[in-house]
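I opened the model today and kept notes as I went. The entries follow in the order I looked things up.

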Amino acid sequence: MGSNEKMVQSGNRSIMLVAPALYRVPLSEALTDAGHGLHTHFELVTCRIASADGVEGVGYTYTGGRGGSAIVALIRDAIAPLLIGRDANDIEELWRWQLRALHYLGMGGVVGFAVGAVDIALWDLKCKRENTPLWRAAGGQTDRVGCYRGLIDLGYSDEHLLDVVAREMSSGHTGIKLKVGRTEIARDVARVKAVRALIGPDKALMADANYSWDAQSAIEFGRGVADCDLTWFEEPVAHDDLDAYAEVSEAIDIPLASGENWRTVPEFENAVARAKIGYLQPDASNLGGITPWLKVAELARKAKLPVASHGMHELHVSLMAAQPNAALLEVHSFPIDAYTTTPLQVVDGVATAPSTPGIGVTFDHSLLAAHRVA
């Protein structure tokens, strides 16, 4: 291919439009966990990117209810001017270019959310242009992945929790993750034991403390549920206290999992080196998108660790299915996919990635319109 032809192709792929939007979506019930507190709604930030050849991609990110307007402003005022006229196919270069331009604001945080929405949109655009589904473009291992239902249940009574778990298991799930992290550790231990007794010995069961305990409290809990055969114990301590992670890991026999609060690839590298972690859980919505998510999956593979996921199951189903070292996909309690044209379907604990070109997430704006705020 000659240089002139390359220039023509690049010109056709030039980014012409970057358009973010913000929605505040109410939850059907208030949800509580130990780290984040009460959730009454979540925020959805979408980002539409169009190129000169008429192809469009839509990316997105989400928050637990705060900060979405800052993400929209960063995309609109700082990122869009960086991208207009650039080649939409240069996804990794554009990802690096954004981080370089915004590094003074900090890595992760609002920057990670904003760059993530853009990166996901660019992957959607590229996959649509190449007529391929994301699971193939991201590795292509398979289009299916085992999953579990992640609850946000700390505010539930014991009776209601058991009712919810029974309902979720009967709906097709074969694994459950509970929230723990109370000051009354014995109560959390009792709840885990009750759920294990309910679901039986063969189903996956996990516990998530949302970084609410110190090492000694986490160890006390871990020893208290030693006979419950937990698949993993998630975020037992503060995400940045890697020494505490290692201390907990050495004291109990349950693998530790973490990742939703590690917001850069170097943070994951540091955790692998120091935290004695068992499962890595990157979240494309806050890590900076699909590009760094795949880097973390590769890091896990090289370290002989399984990769799991956090949140946004409607996107992560494709990324997880694509990986040879995939563990379990989290089916999250923020129902983003209830506002899409093809909500995730789970059959006997297995989810199937969309086969349509793109990331497989198409928002139904007739459902979202009433919740738009910017």
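I took contact to mean heavy atoms within 4.5 Å. This is a predicted model, so I noted the limits: local features need pLDDT of at least 70, side-chain atom pairs count only at pLDDT 80 or more, and totals for chains, interfaces and linings use all residues. Residues are numbered from 1 along each chain as its sequence is written, and side-chain values use heavy atoms, with hydrogens and water left out.

**Entry: Lys177**

I looked up Lys177 and found it in strand S5 (residues 175-179). Helices (H or I, at least four residues) and strands (E, at least two) are DSSP runs, numbered from the N terminus. Is Lys177 buried or exposed? Lys177 is buried, at a relative accessible area of 1%. Buried means under 20% relative accessible area, exposed over 50%, and partly exposed in between (1.4 Å probe, protein chains only). I set aside neighbours within four places in sequence and listed the contacts of Lys177: Tyr148, Arg149, Gly150, Leu151, Asp153, Met206, Ala207, Asp208, Trp232, Glu234 and Glu330. I also checked Gln216, 39 residues from Lys177 along the chain; the two C-alpha atoms are separated by 22 Å.

**Entry: Asp188**

Next I went to Asp188, which is in helix H7. Asp188 counts as buried because its relative accessibility is 0%. Not counting residues up to four places away in sequence, Asp188 touches Leu154, Val180, Gly181, Arg182, Trp213 and Phe221.

**Entry: helices around H7**

I followed H7 (residues 185-199) to helix H6 (residues 158-170): their axes come within 10 Å and cross at roughly 35°. Axes are lines fitted to C-alpha atoms, for helices over the stretch in contact, and angles run from 0 to 180 degrees between N-to-C directions. The crossing of H6 and H7 is right-handed. A crossing is right-handed if the near helix is turned clockwise from the far one by less than a right angle, and left-handed if anticlockwise. From H6, the residues that meet H7 include Leu161, Leu162 and Val165. From H7, those that meet H6 include Arg187, Arg191 and Ala194.

Then I turned to helix H8 (residues 215-224). The axes of H7 and H8 come within 9 Å and cross at roughly 30°. H7 passes H8 in a right-handed crossing too. Asp188 comes up again here: with Ile185, Val189, Val192 and Lys193 of H7, Asp188 meets Ser217, Glu220, Phe221 and Gly224 of H8.

**Entry: nonpolar cores**

Which residues touch the most other members of the largest nonpolar core? They are Ile75, Phe221, Phe233 and Leu315, in a core of 117 residues. Helix H4 (residues 109-129) gives the most to this core, with twelve residues. A nonpolar core is a set of buried Ala, Val, Leu, Ile, Met, Phe, Trp, Tyr and Cys residues joined through side-chain atoms within 4.5 Å. Leaving out residues up to four places away in sequence, the contacts of Phe233 include Val180, Trp213, Phe221, Ile252 and Pro255. Another core lies apart from the largest one; it has eight residues, among them Tyr148, Met206, Trp232 and Ala308.

**Entry: H12 and H13**

Helix H12 (residues 290-302) and helix H13 (residues 313-321) pack at about 40°, with axes 11 Å apart. Ile290, Trp293 and Leu294 in H12 meet Leu315, His316, Leu319 and Met320 in H13. Nine of the nine residues of H13 are buried, so H13 is largely enclosed by the rest of the structure.

**Entry: the sheet**

Last, I traced an open sheet of three strands, ordered S1-S2-S3 with antiparallel pairing. Its edge strands are S1 (15-33) and S3 (56-63), each pairing on one side only. Two strands pair if DSSP finds at least two bridges between them. S1 and S2 (residues 37-51) have 14 bridges; S2 and S3 have eight. S2 and S3 form a hairpin with four residues between them, and Gly54 in the turn has a positive phi of about 90°. Six of the eight residues of S3 are buried, so S3 is largely enclosed by the rest of the structure.
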